[in-house]
Amino acid sequence: MFTNIFLPDYVDPAGLSFADLNCNLAAISRQPRAITREVKTVIKLARTFNEAVVRPQALEMDRQIQADPDYLSWEWVQEANRHGFYTMWIPKMFGGKGYSFASLAYFLEEISSCCVAMGNLIGAHYLGLATLVASWNLSLTRKLSAEVIHGEKTGKPCLLDFAITEPESGTDTSEADLLDKGRVACQAVRENGGYRVNGTKVFISNGHFSTWHLVLGYEDVTRPSETFLFFAVRRDAEGFSLGRKEHKMGQKACPASELILKDCFVTDALVCLDRRQTRRLALSHREIYQIIFDSICSSSKAGVCAFGAGIARGVYETVLGFAADTKINGSFMLNLEWVQCRLADMLRNVVVARLLYAEVNFANGLYGLNKMLQVKPLYYFFRYLPCRLVLALSGPMVKYTWFQSILRKIQFDWKKRTELERTTGWAAMAKFTGSDLAMENCRMGLALMGQAGARHAHQVEKFFRDAKLLQIYEGTNQLNRMEAFKNLIGRNRNDVHMFTDR
Amino acid sequence: MKQTEQNEYKLLQGTSREFAQKVLLKHRAENDRYPLGNLDPVVFDKAYEMDFFHLWLPEKMGGLDRHLGKLCTILTNIAEVDASMATAVLTTAMAQEIMLQAGALDRLAEVYGRCAAPMDALLAFAAFGNPLEQPPEISVMEKDGRLSLTGKVKGMVLGNLAKHLIVPGRFSNDADNSYLLVPSAQATMRIGEPVLGLGLRACPLVDIDFNETTGFLVGARGKAAEYYWRMYDQFILAGAAVAVGIMRGAFTDALKYSQARIQGGKKIGAWSEVQLLLADMALKVKSSELLIEHAGTGSGINAIHDNIAAGLTVMEHAGHVTSDGVQILGGYGYMEEYSQEKRFRDAQHLQALFGISYLKKIHFIKTCYKLA
């Protein structure tokens, strides 16, 4: 391995190697340089979009949904679709624009510095895509991606979402160990040609906007980790209906939805992954659950950390403007030492959050979901070949089940445990740190602005309401701390038992 | 504490709790939508019937004779259910205290002598500002023995409901502000739309423009800051009492939820990390109660230091406790149906009471420890 040859083979007393602690150093020479240009491009796109759409409308949209909590921000989804944001990060082999997932976090930070709800209207769509990619079901990924691309061309947005949380099961789903003790209820009964599903999913980001829902169900709810399946349900499927739109404190433009499946039949063609598809693999179905879940979350948690960096930055920039315009006892706040120090703290928080999601990006590029498409020859092959040619070349491969089986063998059976733990641990750390730092900046911002900060018109109170959700979704910050411990600190210790609390 | 006083406290506790549970709880969610929804005046009517807007007044005016401990008890019990009403009671009491500090008993008697409806008993006051912050934007002119105000005041709490306002303004030759009592039913005033804010939404806040509006001097000219800080020295504790009420509500709901919600095969309250969160909440609630209780018993300059120290500490605690209150409930805590999110917003908003938090801390170290 590269890291063993060129980097010191140092292991700290807690069992963390140099590679564990310095993904960035290992990535320097391996990450394609063009990704830096991609990052600059997407930041520029996001800024233009912010100035044209998000900044002028964010407060009014938030106010409108406060007045009418059932209002759906379709116009924002339309705008994001019109700007091509729902296909930008779909790989070219599936017909998308093929931007690297590494650049998505920078894009999300930029959007979230104006409004994190808009960030999540885009980000949650890629959570659905990540589920497809992490299951390595190429034909289904191609099918659904084609609909998203068609939706962009026709101006009828086609979004994906990921539905796991149930009314009685939130934290439970993050870990196979917890899942088996949990109270899941979304049951999929095997029938000829597919599954009949009954269950309810809650708090699903973008549920009311999505055309396709990627759902987690179980053949046996008493043995969920051994019998789980991921499947896709179209919004017009028989037996599927949308329930209530939650009335949230913040992130109001991004709906949290209830999805109801009542005797909903899912054909085999729409099953991303089930027991039948993994039985030839060496790993157990349960072990594959953890790999898929960790791979998805390692990607999505970089996004949540980027949301945190965005909010922290939005607050910092607002407070900086306020301090430059506001006088206390005849002096501009910007010239008061205590204000200067708080602004330095706030900028520090932005930078730390950004460094952390960048590190998760490096980890994902080296060891995670982005690895394959960031290998230099493949990256440049896909980047510079026209999309049509890529589709023509990759088309047949996507259809071959043997090709899919090989990919799954590589991604599941040959997956190195230490690499998975590294990405999962960093992602968990980034998630709870980025969201905590966003909250810290919001608190400082409100404290610094006094009554002005509490006014809706000054936006900091909106950032504050929005930021709190970052500490809750994608696993509560408490759970993420446990995951950081499990994957980075306790992983090589025989004396450690997780999720027993004894 | 004497037995009779203990009985009085019990009576006040019982009355305020009953009011909160029977009246406020029913209207809490609906009123929290204000100003984007309607504000049901019934909560103010009932509070008026219970004499909550008279609490701080001298006994002969039907009040409890400026009894800080009793005021705090009532505020805490009300805030446990709805901090907005507690802030409305507190704001009125703050304005009354300014008038009492100024020795404007006659004016006060005049206001409350004519008091026939709930809104007559309210006094509007800029409770979220302090003299250290923005310079005054209201000039006061005297002509033919009549005082007229011109300019703008931001953040008048209860400004669109109250019949009278206490407003700082500056006479042209004065170096410092004076307080004026302004009757609100004047064509020369333009009351802005209620401000949409982070929390405390059923205690409205407005900006007001004055254009040669008639006002009456409260106390001596140029003494606004003096009256304000004397009021602040006591009322910072009353603000903290509101914070304690919010914290108690957040902790009670979190504890209850932790005993009902099951994750990982057992009640979440049985997981040690959740226990630690709950313990942090409980410790902050308990220590805040003790701080207020202790601070309320002192006298002299030390009592003032205690009040401020307790008040600033407790209000900061409330931000953390309510955040943990949401966290324990997870996704449900973030939803409007559960009151934790409202408490989270209210507690943070409350920290801006008396102005910018950092300035209040600097003021504390400067005045209490004579720092240059």
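Modeller: What follows is a set of questions and answers on a predicted model.

Biologist: How do you know how much confidence the predictor has in chain A?

Modeller: The mean pLDDT of chain A is 94, and 98% of its residues reach 70 or more. The scale of pLDDT runs from 0 to 100. The exception to note is residues 1-6 of chain A, where the pLDDT is below 50. That stretch has 5 contacts in the model beyond near neighbours in sequence. Where pLDDT is low, the predicted coordinates should not be read in detail.

Biologist: What are the scores for chain B, and for the model?

Modeller: Chain B averages a pLDDT of 95, and 99% of the residues score at least 70. The model has an ipTM of 0.97 and a pTM of 0.96.

Biologist: What makes the radius of gyration of chain A agree with that of a compact globule?

Modeller: The comparison rests on chain length. A compact globule with 502 residues would have a radius of gyration near 23 Å, and chain A has 22 Å, so the value agrees. The C-alpha trace of chain A spans about 75 × 55 × 55 Å along its principal axes. Chain A has 20 helices and 10 strands. Of its 502 residues, 57% are buried. Among contacts in chain A with a separation of 6 or more, 78% are between residues 24 or more positions apart.

Biologist: How is chain A divided into domains, and what lies where they touch?

Modeller: The domain assignment gives domain 1 (17-157 + 288-489) and domain 2 (161-275) of chain A. Their C-alpha centres lie 23 Å apart. In the contact, 38 residues of domain 1 of chain A meet 28 residues of domain 2 of chain A. Elements that each supply at least two residues on the domain 1 side include α4 (34-67), α8 (138-154) and α12 (285-325) of chain A. The largest share of that side, 12 residues, comes from α7(A). By class, the domain 1 side divides into 20 nonpolar, 11 polar and 7 charged residues.

Biologist: Which domains does chain B have?

Modeller: Chain B is divided into domain 1 (3-122), domain 2 (124-222) and domain 3 (225-368). The C-alpha centres of domain 2 and domain 3 of chain B lie 30 Å apart. Their contact takes 15 residues from domain 2 of chain B and 16 residues from domain 3 of chain B. The residues on the domain 2 side are 7 nonpolar, 6 polar and 2 charged.

Biologist: What makes β4(B) and β5(B) a pair?

Modeller: A pair needs at least two bridges. Strand β4 (residues 164-171) of chain B and β5(B) have 6 bridges, in the antiparallel sense.

Biologist: Which strand does β5(B) join through 3 bridges?

Modeller: That strand is β7 (residues 205-218) of chain B, and the two run antiparallel. B:Leu180 stands opposite B:Leu217 in β7(B). Strand β5 (residues 178-183) of chain B is mostly covered, with 5 of its 6 residues buried.

Biologist: Where do chains A and B meet, and how many residues take part?

Modeller: The contact takes 38 residues from chain B and 39 residues from chain A. On the chain B side, the elements giving two or more residues are β8 (262-263), α8 (272-295), α9 (300-329), α10 (340-350) and α11 (357-368) of chain B. The largest share of that side, 5 residues, comes from α10(B). The chain B side has 16 nonpolar, 16 polar and 6 charged residues.

Biologist: Why is B:His320 called partly exposed?

Modeller: B:His320 has 15 other C-beta atoms within 10 Å. Buried would need 20 or more, and exposed 12 or fewer. The count of 15 falls in between, so B:His320 is called partly exposed. B:His320 has its place in helix α9 of chain B. B:His320 and B:Asp346 are 26 residues apart in sequence, and 12 Å apart in space from C-alpha to C-alpha.

Note on methods:
Residues numbered from 1 in each chain as written. Chains lettered and ligands numbered in written order. Predicted model: local features only at pLDDT ≥ 70, side-chain atom pairs only at ≥ 80, totals over all residues. Helix = DSSP H or I, 4+ residues; strand = E, 2+ residues; numbered from the N terminus. Rg over C-alpha atoms; globule rule 2.2 N^0.38 Å. Contact = placed C-beta atoms within 7 Å. Nonpolar A, V, L, I, M, F, W, Y, C, P; charged D, E, K, R; others polar. Domains from an automatic or database assignment.
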